[in-house]
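Please read the following account alongside the sequence and the model.

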Amino acid sequence: MTESRKSLMLAALGKCVMGLVFMALLLFPAAGTMDYRGGWLLLGLLFIPMIVMGIVLLIKSPELLRRRLDSKEKRSNQRGVIGMSGLIFIVGFVVAGIDYRYGWSHIGNTGVYIASLLFLVGYALYGEVLRENVWLSRTVKVESEQEVISTGLYGIVRHPMYTATLLMFLSMPVILGSLWSLAVFMIYIPIIVVRLLDEEQLLRKELKGYDEYCQKVRWRLLPYLW
């Protein structure tokens, strides 16, 4: 393994471990117990596929993995969106833990199982988007050699990554068994719309052929809805 790939692996592993610890610190102290099955279920559903996906990217597409690890957003509008998303994430998880501790709401096993399935569907969509679009970055920018992707999921909606993210985000509080947390995470919908519209403004301006692509693919996020 080359030094650059080794450093990339360590960076990815470090972010994964930090994310796991951070989520655990949000969930279990708020729940007042480590015996929070919804919390453990979500951690497993989120981080096991993440590790597998990271290994695949490290082997097959290290540059894409590097782009996904880059979180230094330059656009001020997007920094605000990211900040709000992070706040929703923190508040939503803490609320879920407190909800579990005091039994404010209840979601049955069937609802949890369905949400878990939808979460994995979202993960599968996420993986497919990574396969289709080698230019995919966590930050909103246009690379010098970037091209418009118009096939596969991009032939159905213009922002399939956000579709997958929205599906996963809204599934998480249900997996955690908290309707109050779901109410918090619903705020993510207008936030992702703001991010999406700002990104489209940049793409229309700087990415050749994007205007024509928008005329071809009408739906931004959800087919037949928007």
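Confidence in the protein is lowest in helix H3 (residues 62-69), with a mean pLDDT of 75, and highest in helix H7 (residues 179-185), at 96; pLDDT is the predictor's confidence in each residue, on a scale from 0 to 100. Helices (H or I, at least four residues) and strands (E, at least two) are DSSP runs, numbered from the N terminus. The average pLDDT of the protein is 87, and 91% of the residues score at least 70. The model is predicted, and for that reason local features need pLDDT of at least 70 and side-chain atom pairs count only at pLDDT 80 or more, whereas totals for chains, interfaces and linings use all residues. Residues are numbered from 1 along each chain as its sequence is written, and side-chain values use heavy atoms, with hydrogens and water left out.

The secondary structure of the protein consists of 9 helices and 0 strands, so that the order of elements from the N terminus on reads α-α-α-α-α-α-α-α-α. Along its principal axes, the C-alpha trace spans about 55 × 45 × 30 Å. A compact globule of 226 residues would have a radius of gyration near 17 Å, and the 18 Å of the protein agrees with this; the radius is taken over C-alpha atoms, and the globule rule is 2.2 Å times the number of residues to the power 0.38. Of the contacts in the protein with a separation of 6 or more, 80% are between residues 24 or more positions apart, where contact means heavy atoms within 4.5 Å. Buried residues make up 45% of the 226 residues; buried means under 20% relative accessible area, exposed over 50%, and partly exposed in between (1.4 Å probe, protein chains only).

In soluble globular proteins, nonpolar side chains tend to be buried together. A nonpolar core is defined here as a set of buried Ala, Val, Leu, Ile, Met, Phe, Trp, Tyr and Cys residues joined through side-chain atoms within 4.5 Å. The largest such core has 60 residues, and Met-23, Leu-42, Phe-93, Phe-119 and Met-172 touch the most other members. Helix H6 (residues 160-175) gives the most to this core, with 9 residues. Leaving out residues up to four places away in sequence, Phe-119 touches Leu-42, Leu-45, Leu-46, Met-168, Ser-171, Met-172 and Ile-175.

Phe-119 is also one of the buried residues of H5, among them Val-112, Ala-115, Ser-116, Gly-122 and Tyr-123. The buried residues of H5 pack against helix H2 (37-60), H3 and H6.

A pair of aromatic rings is described by the distance of the centres and the angle of the planes. Rings of Phe, Tyr and Trp (its six-membered ring) pair if their centres lie within 6.5 Å; planes under 30 degrees apart count as stacked, over 60 as edge-to-face and the rest as tilted. By this rule there are 13 aromatic pairs. One of them, formed by Tyr-36 and Tyr-100, is stacked, at 4.3 Å centre to centre and 25° between the planes. Tyr-36 lies in the loop between helix H1 (3-31) and H2, and Tyr-100 in helix H4 (residues 76-102), so the pair ties together parts that are 64 residues apart in sequence. Tyr-36 counts as buried at 1% relative accessibility, whereas Tyr-100 is partly exposed at 39%.

The rings of Phe-89 and Phe-169 have centres 6.2 Å apart and planes at 45°, so this pair is tilted. It links distant parts of the chain, with Phe-89 in helix H4 and Phe-169 in helix H6, 80 residues apart. Phe-89 is buried, with a relative accessible area of 17%, and Phe-169 is buried at 15%. Phe-89 and Phe-169 belong to one aromatic cluster with Phe-93, Phe-185 and Tyr-188.

Thr-165 has its place in helix H6 and is buried, with a relative accessible area of 17%. Apart from its neighbours within four places in sequence, Thr-165 is in contact with Tyr-188 and Ile-192. Gly-152, in the loop between H5 and H6, is partly exposed at 44% relative accessibility. Leu-64, in helix H3, counts as buried at 2% relative accessibility. Leu-64 and Leu-203 are 139 residues apart in sequence and 19 Å apart in space, C-alpha to C-alpha.
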